[in-house]
Amino acid sequence: MSDGSEVLVERVWTTPAGVRLGPLDQIPDPGARNYVLSIGGKRFHGFVVRRGGRAFGYVDRCPHAGLPLAQVLDQYLTPDGGLIACSWHGALFEPQTGACVGGPCVGAKLSPWPVVVVDGRIVTA
Ligand code: FES
């Protein structure tokens with residue numbers, strides 16, 4: 001039960017380059033994984049989609065209503081793994097571009113979170 005004393009942690013929407021997120025192999029292929037980074041006492045929420053040896057990162061915030069996309073941990077993709085799906089109102093996004101291709105925000109885009117794969121490890125760019 002809440003006593004009303006929770007401290008709201010301020011959000012940030014970008015990360016510095018060079019933050020090591022771990023091996024690409026920790027993400028199923030195809031699959032996605034949530035990351036929460038603490039940066040200077042603030043919090044960044046993002047996710048990375050894997051496609052083979054490539055990784056595509058996005059800020060975990062749907063352009064439709066500003067909510068985090070997944071209501072179940074790491075469930076960012078459609079059942080066939082082909083698209084990113086927002087669990088709230090069904091927006092669909094292309095994994096490689098973040099472009100909304102279905103649902104209530106067609107034409108909008110997820111905010112990119114630049115990541116690269118270096119020697120099999122995901123690193124912020
Ligand atoms: S918040 Fe994502 S579709 Fe509405």
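Reader: Which residue in β3 is the bridge partner of alanine 32?

Author: The bridge partner of alanine 32 in β3 is valine 49. The model is a predicted one, in which local features need pLDDT of at least 70, side-chain atom pairs count only at pLDDT 80 or more, and totals for chains, interfaces and linings use all residues. Residues are numbered from 1 along each chain as its sequence is written.

Reader: What makes β2 and β3 a pair?

Author: Two strands pair if DSSP finds at least two bridges between them, and β2 and β3 are joined in the antiparallel sense over nine bridges, so they meet that definition. The strands themselves are DSSP runs of E with at least two residues, numbered from the N terminus, as helices are runs of H or I with at least four.

Reader: Why are β2 and β4 said to stand at the edges of their sheet?

Author: The sheet is open and has three strands in the order β2-β3-β4, with antiparallel pairing. β2 (31–39) and β4 each have a single partner strand, so one side of each is left without a neighbour in the sheet.

Reader: Which residues does alanine 32 touch, apart from those up to four places away in sequence?

Author: With contact taken as C-beta atoms, placed from the backbone, within 7 Å of each other, alanine 32 touches Ile27, Phe47, Val48, Val49, Arg50, Asp74, Tyr76 and Leu77.

Reader: What makes a set of residues a nonpolar core, and how many residues has the largest one here?

Author: The term stands for a set of buried Ala, Val, Leu, Ile, Met, Phe, Trp, Tyr and Cys residues joined through C-beta atoms within 7 Å. The largest such core has 25 residues, and those with the most contacts inside it are Ala32, Val48 and Tyr76. The elements giving two or more residues to this core are β3 (42–51) and β4 (54–59), and β4 gives the most, with four residues.

Definitions and conventions
Buried ≥ 20, exposed ≤ 12 C-beta atoms within 10 Å, placed from the backbone. Contact = placed C-beta atoms within 7 Å.
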